[in-house]
Amino acid sequence: MLPIDDSPLCRDGKALILAYDHGLEHGPVDFGDLPESADPERTFEAATHPAVTSVAVQKGIAEAYYPSYEDDVNLLLKLNGTSNLWMGEPDSAVNCTVDYAAELGASSVGFTVYGGSNNEIEMVEEFRDAQEAARDHDMPVVMWSYPRGQGLKNDTSDTTIAYAARLALELGADIAKVKYPGSKAGMEQAVQMAGPTKVVMSGGSKTSDREFLQSVKAVMDAGGKGLAVGRNVWQREDPEALLDSLEKVIFEEASVDAALE
Ligand code: FBP
């Protein structure tokens with residue numbers, strides 16, 4: 001297995017994953033305020049920014065757009081996903097194999113696990129197959145570790161996010177992508193629970209530049225290893241400007257004020 005730090009998913013041991021699977025997960029609503037954001041090419045262009053260590057997309061987007069970007073962008077193939085049209089208990093259909101992800105040129109794979117869902121057992125079994133196949137291909141595995149389901153009252157409490165991070169370690173993910181628990185202290189718990197599994201923050205809905213960078217800074221100060229972000233980058237008129245700031249906070253350890261200059 002290639003050490004994750006030597007894989008294209010990381011730069012200096014950290015990751016900035018540009019997520020663009022929202023057309024499946026949320027549908028056209030996420031593109032409503034900025035219609036040009038519906039064009040995957042715009043996100044692939046943003047992913048050529050040196051701060052971006054990989055772009056995370058579903059199979060169909062990879063098939064259609066990645067061939068034009070394979071020299072400039074690292075591909076993280078998301079292996080499962082669900083549409084917002086699904087009204088059942090949280091679940092995510094596996095729609096791509098690791099073998100096919102490798103054929104498409106992916107250097108890493110992503111997989112959602114909804115711990116706490118009534119579908120957790122099946123999802124973890126599916127994750128097992130993906131994780132072991134990824135090991136055969138020397139591909140790092142990123143777990144979108146999102147506890148949710150009918151029994152979970154608060155899916156971003158410190159203890160829930162720490163559990164999400166631990167679940168990723170226990171099941172063999174290289175990176176745990178978790179929701180921001182709202183504080184540096186909450187993130188520290190998650191990082192501690194994850195051991196050698198790197199913890200990155202999941203972006204969330206669009207906020208101001210300063211507010212977003214402050215949460216990213218708190219994550220980095222807590223020992224987090226970066227970010228997997230979608231809307232906060234490509235819902236902006238100028239994604240590159242925010243990526244410039246993120247590069248400073250994540251890779252250059254700059255303060256938020258310095259990153260905004
Ligand atoms: P954002 O930065 O836009 O939140 O994207 C991260 C992400 O995990 C996407 O990969 C995914 O489509 C979306 O969030 C799912 O969010 P949720 O399940 O919370 O609606």
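Some ground rules. Numbering starts from 1 along each chain, as its sequence is written. Because the model is predicted, local features need pLDDT of at least 70 and side-chain atom pairs count only at pLDDT 80 or more, while totals for chains, interfaces and linings use all residues.

Let's start with helix packing. Two packed helices are described by the angle between their axes and the distance between the axes. Helices here are DSSP runs (H or I, at least four residues), strands are DSSP runs too (E, at least two), and both are numbered from the N terminus. Axes are lines fitted to C-alpha atoms, for helices over the stretch in contact, and angles run from 0 to 180 degrees between N-to-C directions.

Pair one is α6 and α7. Their axes are 8 Å apart, at an angle of about 25 degrees. So α6 is roughly parallel to α7. The cut-offs: under 35 degrees is roughly parallel, over 145 roughly antiparallel, 65 to 115 roughly perpendicular, and the rest oblique. The crossing of α6 and α7 is right-handed. That term applies if the near helix is turned clockwise from the far one by less than a right angle; anticlockwise is left-handed.

Which residues make the contact? From α6 come Asp158, Ile161, Ala162, Ala165, Arg166, Ala168 and Leu169. From α7 come Gly186, Gln189, Ala190, Met193 and Ala194. Contact means that the C-beta atoms, placed from the backbone, lie within 7 Å. By class, this contact has eight nonpolar, two polar and two charged residues. Nonpolar covers Ala, Val, Leu, Ile, Met, Phe, Trp, Tyr, Cys and Pro; charged covers Asp, Glu, Lys and Arg; the others, Gly among them, are polar.

Stay with α7, residues 184-194. Its buried residues are Gly186, Met187, Glu188, Ala190, Val191, Met193 and Ala194. Buried means 20 or more other C-beta atoms within 10 Å of the residue's own; exposed means 12 or fewer; partly exposed is in between; C-beta atoms are placed from the backbone. What covers these residues of α7? The cover includes α6, β8 (175-179), β9 (198-202) and α8.

Pair two is α8 (209-221) and α10 (239-251). The angle is about 25 degrees, and the axes are 10 Å apart. So α8 is also roughly parallel to α10. Their crossing is right-handed. On the α8 side, the contact uses Asp209, Leu213, Val216, Lys217 and Met220. On the α10 side, Leu242, Ser245, Leu246, Val249 and Ile250 take part. That divides into seven nonpolar, one polar and two charged.

Look at Ser245 in α10. Buried or exposed? Ser245 is buried, because 21 other C-beta atoms lie within 10 Å. Beyond four places in sequence, Ser245 contacts Asp209, Leu213, Ala259 and Leu260. Ser245 and Gly116 are 129 residues apart along the chain, with 35 Å between their C-alpha atoms.

Now the core. In soluble globular proteins, nonpolar side chains tend to be buried together. The largest nonpolar core here has 80 residues. Such a core is a set of buried Ala, Val, Leu, Ile, Met, Phe, Trp, Tyr and Cys residues joined through C-beta atoms within 7 Å. Leu18, Val55, Val109 and Ala165 have the most contacts inside it. Val109, leaving out residues up to four places away, touches Leu76, Leu77, Leu79, Val98, Ala101, Ala130, Ala134, Met139 and Val141.

Next, Ile17, in strand β1. Ile17 counts as buried because it has 27 C-beta neighbours inside 10 Å. With residues up to four places away left out, Ile17 touches Thr53, Ser54, Ala56, Leu76, Val142, Val200 and Ala228.

Val73 is in the loop between α3 (59-65) and β3 (75-78). Val73 is buried, with 24 C-beta neighbours inside 10 Å. Its contacts beyond four places are Phe44, Ala47, Thr48 and Val55.

Last, backbone angles. Most residues other than glycine have a negative phi. Asp12 has a phi near 50 degrees, a positive value. Asp12 sits in the segment before β1 (15-19). Asp12 is exposed, with 12 other C-beta atoms within 10 Å. Asp138 has a positive phi of about 55 degrees. Asp138 lies in the loop between α5 (120-136) and β7 (141-145). Asp138 counts as partly exposed, with 14 C-beta neighbours inside 10 Å.

Notes. Two residues are in contact if their C-beta atoms, placed from the backbone, lie within 7 Å.
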